[in-house]
Amino acid sequence: MALDSQSPSGDAELLARYASGDRTAASVLTARLVPPALAVAQRLLGDRAEAEDVVQEAMLRLWRAAPTWEVGQARVSTWLYRVVVNLCTDRFRRRVPQPRDDLPDRPDTAPGQEARLQAQARAEALQSALETLPERQHQAVVLRDIEGLPNPQIAEILGVSVEAVESLAARGRRGLKQALSGRQAELGFKDDA
Amino acid sequence: MMHDGKDSDGRRGELGALEADSMLEQLFAEARATPADPRPEFLERIMADAAAMQPQADVVEPVRDRPAKNLLRQVGAAAARRWEALVWPVGLAATALSGVWLGGWADLNGFVSGSGFAGSDLAMSLAYGFPQAAGLIGGY
């Protein structure tokens with residue numbers, strides 16, 4: 001679920017309450033902001049531990065910014081997404097590419113196991129395809145097609161125009177289709193030649 | 001036949017594009033349906049940071065058993081928070097010192113007792129300058 005689906009003004013009020021010493025405000029904000037931020041970080045980095053580090057750092061910056069946060073300066077969610085995306089970019093540029101692990105062999109053929117394996121294979125295929133995209137296209141597709149954010153908010157997060165977001169997302173989708181071409185049968189989609 | 005072949009290729013291409021679109025939409029939908037589900041220990045780290053970074057709330061001072069033992073420290077602490085807290089003790093001290101100084105001056109000039117005043121320099125000066133007033137001063 002995207003951060004944006006929660007009340008933006010509610011987030012700012014919670015942040016103000018946190019800054020004034022309300023201890024429960026932090027837990028409410030964490031419950032609201034962390035899961036979608038973590039989802040984005042995982043999609044951008046493809047690594048859960050790294051994604052957790054990024055989101056923790058982003059939240060730490062949010063706690064620091066709370067006392068001087070000005071209502072109306074930006075949506076809290078947009079601000080947090082922007083920090084997460086920038087931190088992911090920094091990490092992505094620094095790290096050495098690692099080969100992705102193949103799916104482990106699982107001889108278990110219990111009912112439901114095949115469906116779970118296929119779902120996992122699809123998720124990994126999407127993630128692998130996402131990682132073949134140029135950085136900005138990757139970010140635009142994750143924020144728009146998976147997180148479901150509106151283009152103006154994505155433009156604010158990425159610091160580009162709305163038209164640029166549309167272009168990045170369209171090119172990203174084309175890139176994904178190309179990366180996934182020929183894998184329809186393997187991933188259990190019908191009508192594959 | 002060439003046309004048929006081209007049409008056939010075109011239809012296959014369109015079909016392939018539709019299938020690719022459909023597959024992509026399906027993959028996106030499945031990704032959206034999979035929540036990030038943060039681990040409890042990760043959330044605890046976030047909350048620990050929040051607690052460490054949180055500005056202190058207005059804390060109610062606990063009731064002390066010996067409230068008057070360290071008045072100076074309380075005044076100092078209050079002054080650290082608000083300088084206005086220093087006004088009344090400083091004013092009180094200044095008033096007391098002024099009283100002591102004026103009292104000494106009055107004693108030296110004979111304002112504390114009549115006989116003392118009669119022997120003071122001030123009384124002599126008054127008697128010399130204003131002989132009419134000498135009768136009002138005892139001893140002249």
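Visitor: Which residues of the largest nonpolar core touch the most other members?

Guide: Keep in mind that this is a predicted model: local features need pLDDT of at least 70, side-chain atom pairs count only at pLDDT 80 or more, and totals for chains, interfaces and linings use all residues. A nonpolar core is a set of buried Ala, Val, Leu, Ile, Met, Phe, Trp, Tyr and Cys residues joined through side-chain atoms within 4.5 Å; buried means under 20% relative accessible area, exposed over 50%, and partly exposed in between, using a 1.4 Å probe on protein chains only. This core has 68 residues, and those touching the most other members are Met59(A), Val84(A), Leu143(A) and Leu176(A).

Visitor: Which helix gives the most to this core?

Guide: Helices here are DSSP runs of H or I with at least four residues, strands are E runs of at least two, and both are numbered from the N terminus. The core draws at least three residues from each of domain 1 (3–94) and domain 2 (113–180) of chain A, with bounds from an automatic or database domain assignment. With 12 residues, the top giver is helix α2 (residues 23–45) of chain A.

Visitor: Which residues of chain B is Leu176(A) in contact with?

Guide: A quick naming note: residues are numbered from 1 along each chain as its sequence is written, chains are lettered from A and ligands numbered from 1 in the order written, and side-chain values use heavy atoms, leaving out hydrogens and water. Contact means heavy atoms within 4.5 Å. Leaving aside neighbours within four places in sequence, the contacts of Leu176(A) include Leu126(A), Ala129(A) and Leu130(A), and from chain B, Leu24(B) and Phe28(B).

Visitor: Around how wide an arc do the buried residues of α8(A) lie?

Guide: Among the buried ones in α8(A) are Val165(A), Leu168(A) and Leu176(A).

Visitor: What is the mean confidence of helix α3 (residues 48–65) of chain A?

Guide: pLDDT is the predictor's confidence in each residue, from 0 to 100. Chain A averages 87, though residues 102–106 of chain A fall below 50. Among the helices of chain A, confidence is highest in α3, at 97.
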